[in-house]
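Work through the exercises below with the predicted model open. Each task is followed by its solution.

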Amino acid sequence: MPARGMPAAPEGSRRGGGMRRKAAPAAARRSPKFLRRIKANKSLSRKVGGSGAALGGLLPKEVPGLPVEEMRAEFEAMVEKGRWPGFVSCAFTGEGRLENCVFSCVGGKADVARGGAMGMDTIFRLYSMTKAFIGLGILKFVEKGQLRLDDPVYKHLPEPVAGRFREPRVVVEQADGPSTEPAHSAITILQLLTHTSGMGSDIATGLDALTRKRTRWESMYEDLTAAVDEGRIRTLSEFAEELSKLPLWQHPGREFYYSYGYDMLGFILEHKSGLSLDAFLRREVFQPLGMGDTGFSVPARKAGRLARLYRHTKACRFGASGARAELRPVENGFVEGRHCTVLSGGGCVSSRDGGLTSTIRDYSKFLVAVFNKGVVPGSRQRLFSEASAEILLTNHCAKVAGLRPDGAPNICAHNRKGVGLNMMGEVQLEGCEPDKNCLWFDGVPGMVQWGGAATTFYKYQFVNGRPLLLIVFSQVLPQDDGRSCSANFKRMRAWAEAQPPPRQAARAAQR
């Protein structure tokens, strides 16, 4: 159904998808040349595991030398070892921009007990991968001149929340117990985007590993999580109002701490647009990209396509034997009518449920549009400007607190040397140290990457004139360590480095 105020698209049209190609004349469709071309396209689609232009809005293409069978085996091994119930994956590249889907595969089950297979139309819980849409939503208002990233947050909030953000207070530890003091400055939009606002967040006890315990700062938010779980907070505006009553744990702009920043940004989008967060994102992003399976809840008619959520655990409290880790189903509410009604721009404000759900078909369209600098896949139309694309992909940690004498930012994402943060996720910078055994961080500068709590990942890098994008979705808690995704991206990078520089990329570099 179209968003409020949006006219229904004419039958047979694609909103935001550009001009449709005219159908070939009947005589041409019967010609041997035309039939051979259709047959070749279908064969190629089967080879890369895709279905025509469905993935990323781009046609499939087989590229010589890309080790697709090794990549497939890497992911299938995660199922065979019992680490994942199943997965879907796809990869894209091109000369100078993302032009084709060059790899796609599915494996395992969407529901182990019922035997339902994974597919490109399987619906997944995105959790933290919701954040990227919020960052883009903020840029929509930047493009219109209605908001600046260095604006204080209170300028874009309603009362009484605005008043509390106008003069925030910070917790101070004292001998006779905690008290508060005035913050040195107000919080800015950019600080919310980079988790440097001084705000924290509670842990999602239903998502994190059992060894994860609340810190003293996270304990401040425990009652907030309980209120969402128990239905005492039912809307994003109610959540924002209760959050605004709590003090900050640090002065704004001082330190990175994973926070409710994107939930506050989602509330700003609601306030400025006059729409609910889901209606705003549907109007501004989902409809233009043809993302018909993305939203904050799964309609009942699509519930059969929602993948089962699992926990990889050996804990008896989750039904495992206690002797070895196994996959145990997790009860949760994402189907319409049972979903979390607090629309979380950050991905989760309850103990387990929240954020967007989507398919790899939909999410790949979004990522292709972002990394192709705002161009809607398969068209000449734009979702956002090239200037916004640059802002979206800039490391903003350096802008929050400046640079050290050696050129490194004073604040790093996760407080980890060499890791920056843009509006799409983490950015590996010079000096980023790789994980042992090449897990999530491989240390190669220029990598942009992000993941969701239930093991949904993407990695992107521009290598030797070729953009590389790899996406893989499963549904396992706690979040997988990312080693299989990193291993397959390493294969893609090695392939790109062995190719001659494309002419198109050379011309772009000269401009």
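**Exercise 1: α4 and α9**

Helix α4 (residues 131-143) and helix α9 (residues 261-273) have axes that come within 10 Å and cross at roughly 40 degrees. Axes are lines fitted to C-alpha atoms over the stretch in contact, with angles from 0 to 180 degrees between N-to-C directions. Helices are DSSP runs (H or I, at least four residues), numbered from the N terminus. Classify the orientation of α4 and α9 and describe their contact.

Solution.
1. Angles under 35 degrees count as roughly parallel, over 145 as roughly antiparallel, 65 to 115 as roughly perpendicular and the rest as oblique; α4 and α9 are therefore oblique to each other.
2. Contact means heavy atoms within 4.5 Å. On α4 the contributors include Lys-131, Ile-134 and Phe-141, and on α9 they include Tyr-262, Leu-265 and Lys-272.

Residues are numbered from 1 along each chain as its sequence is written. In this predicted model local features need pLDDT of at least 70, side-chain atom pairs count only at pLDDT 80 or more, totals for chains, interfaces and linings use all residues, and side-chain values use heavy atoms, without hydrogens and water.

**Exercise 2: α4 and α10**

The axes of α4 and helix α10 (residues 277-289) come within 11 Å and cross at roughly 75 degrees. Classify this pair.

Solution.
1. The angle makes α4 roughly perpendicular to α10.
2. The contact involves, among others, Phe-133 and Leu-136 of α4 with Phe-280 and Leu-281 of α10.

**Exercise 3: cysteines**

How many disulfides (cysteine sulfur atoms within 2.5 Å) are there?

Solution.
1. The count is 0.
2. Cys-348 is in no disulfide, and the nearest cysteine sulfur, that of Cys-340, is 7.1 Å away.

Notes:
Helices (H or I, at least four residues) and strands (E, at least two) are DSSP runs, numbered from the N terminus. A disulfide is a pair of cysteine sulfur atoms within 2.5 Å.
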